[in-house]
Amino acid sequence: MTNEDLMTDEANEAKEMARIVIAHHFGSRPSRIKYKTSGLSNFVYSVKHSEGNFIVRISFEPARINNFIKEQWAQTKARQAGVPTSEILEVGNEVIGHPFMISRTVVGKEATYNPARLNILREMGRLAALINSIPTNDFGSTFDWSSNQLSRNETFADYLQKELQVESKLQILEKRRVLSAKQIKRLQAIFADAIKLNPKSSLNHGDIRLKNVIVDEQGEIKAILDWEHCTSNLAPQWELSLALHDLWIDEKQDFLEGYGISEKKVMEIAPLMKAFNIVNYAPKIERIAEAKDVARLEKYRTRLSG
């Protein structure tokens, strides 16, 4: 049996599970269910039912239930703050023995190629500020949504060491000659200065980019999707380090104007934003180096050394 055959069998099995959870939630089976896509851990289906149109996500990984619960918590809080998100109707694992999520379908298209791109980015900035205004406790991926206390990072220093693993990532960047010893020391100093401020945490979406935004034909944002990477973190430094890094200069400016942050504040937090961005490249750098892809490694050395 090939990997493709195995994937088809799993997709068909998950499809039947999607029928079961819809029938469980609404009391009747769907009139149509269509396979959309599968990722590393989810099978996704679009569902038509007499109650409306829905998305069902199924995972065969038991731990995935925690991600679904986290997404539900974060999106509920964001909606209460005025951020458009998809409406999650149910999360569970008892019905089919595997984690599942049912959400209402958001009507619209991905914002990436919408002609109102700059206006959309400005509104994305405003919504990012709303998300970051939601207070949380502790730092990292395990926070208010979970009752698990052992996996939490009470301080920013704990998070940098235990979850983000800054030192090990800096070692990778130095070992692979992406950064010099002097640059490594500079980044260490930036993180140390941030720790001294004893920062408070707040909700961060962690991936607010055009591909994760659904808009209508006029460019009005209907929902911010993909809360899988949401975290309790330092804001706006963490949020902006991810949201801005693949935008052009004018696009960055529109996003920041929407966020409502002053030029002075941007300059103040820029070093930590860049530090976050650089260390997040370390796992990719390591994979490229292990694959002995010299040409790509040189490109990243040029990109990150400036």
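At what angle do the axes of helix 3 and helix 8 cross, and within what distance do they come? The axes of helix 3 (residues 117-132) and helix 8 (residues 249-259) cross at roughly 45° and come within 6 Å. This is a predicted model, in which local features need pLDDT of at least 70 and side-chain atom pairs count only at pLDDT 80 or more, while totals for chains, interfaces and linings use all residues. Residues are numbered from 1 along each chain as its sequence is written, and side-chain values use heavy atoms, with hydrogens and water left out.

**View 1. The protein as a whole.** Welcome to a protein with 11 helices and 10 strands (DSSP runs numbered from the N terminus: H or I of at least four residues for helices, E of at least two for strands). Its radius of gyration is 21 Å, close to the 19 Å that the globule rule gives for 306 residues, so the protein is as compact as a globular protein of that length. That radius is taken over C-alpha atoms, and the rule is 2.2 Å times the number of residues to the power 0.38. Along the principal axes, the C-alpha trace spans about 65 × 45 × 40 Å. Of the 306 residues, 46% are buried (under 20% relative accessible area; exposed is over 50% and partly exposed in between, with a 1.4 Å probe and protein chains only).

**View 2. Helix 3 meets helix 8.** With the crossing at roughly 45°, helix 3 is oblique to helix 8. Axes here are lines fitted to C-alpha atoms, for helices over the stretch in contact, and angles run from 0 to 180 degrees between N-to-C directions. Angles under 35 degrees count as roughly parallel, over 145 as roughly antiparallel, 65 to 115 as roughly perpendicular and the rest as oblique. Look for the contact (heavy atoms within 4.5 Å), which includes L118, L121 and M124 of helix 3 and D254, F255 and Y259 of helix 8. By class, this contact has 7 nonpolar, 3 polar and 7 charged residues. Ala, Val, Leu, Ile, Met, Phe, Trp, Tyr, Cys and Pro count as nonpolar, Asp, Glu, Lys and Arg as charged, and the others, Gly among them, as polar.

**View 3. Helix 8 and its neighbours.** Buried residues in helix 8 include E251, L256 and G258. The buried residues of this helix pack against helix 3, helix 7 (237-243) and helix 9. Just after helix 8 comes G260, with a positive phi of about 85°.

**View 4. Helix 6 against helix 9.** Helix 6 (residues 181-196) and helix 9 (residues 263-279) pack at an angle of about 120°, their axes 10 Å apart; the two are therefore oblique to each other. R186, L187, I190, F191 and A194 in helix 6 meet P271, L272, A275, F276, I278 and V279 in helix 9. This contact divides into 10 nonpolar residues, no polar and 1 charged.

**View 5. Backbone features in the loops.** Most residues other than glycine have a negative phi, and most peptide bonds are trans. A cis peptide bond joins A235 and P236, with omega about 10°, and P236 sits in the loop between strand 10 (231-233) and helix 7. D138, in the loop between helix 3 and helix 4 (156-163), has a positive phi near 75° and counts as buried at 15% relative accessibility. R177, in the loop between helix 5 (166-175) and helix 6, has a positive phi of about 60° and is exposed, with a relative accessible area of 59%.
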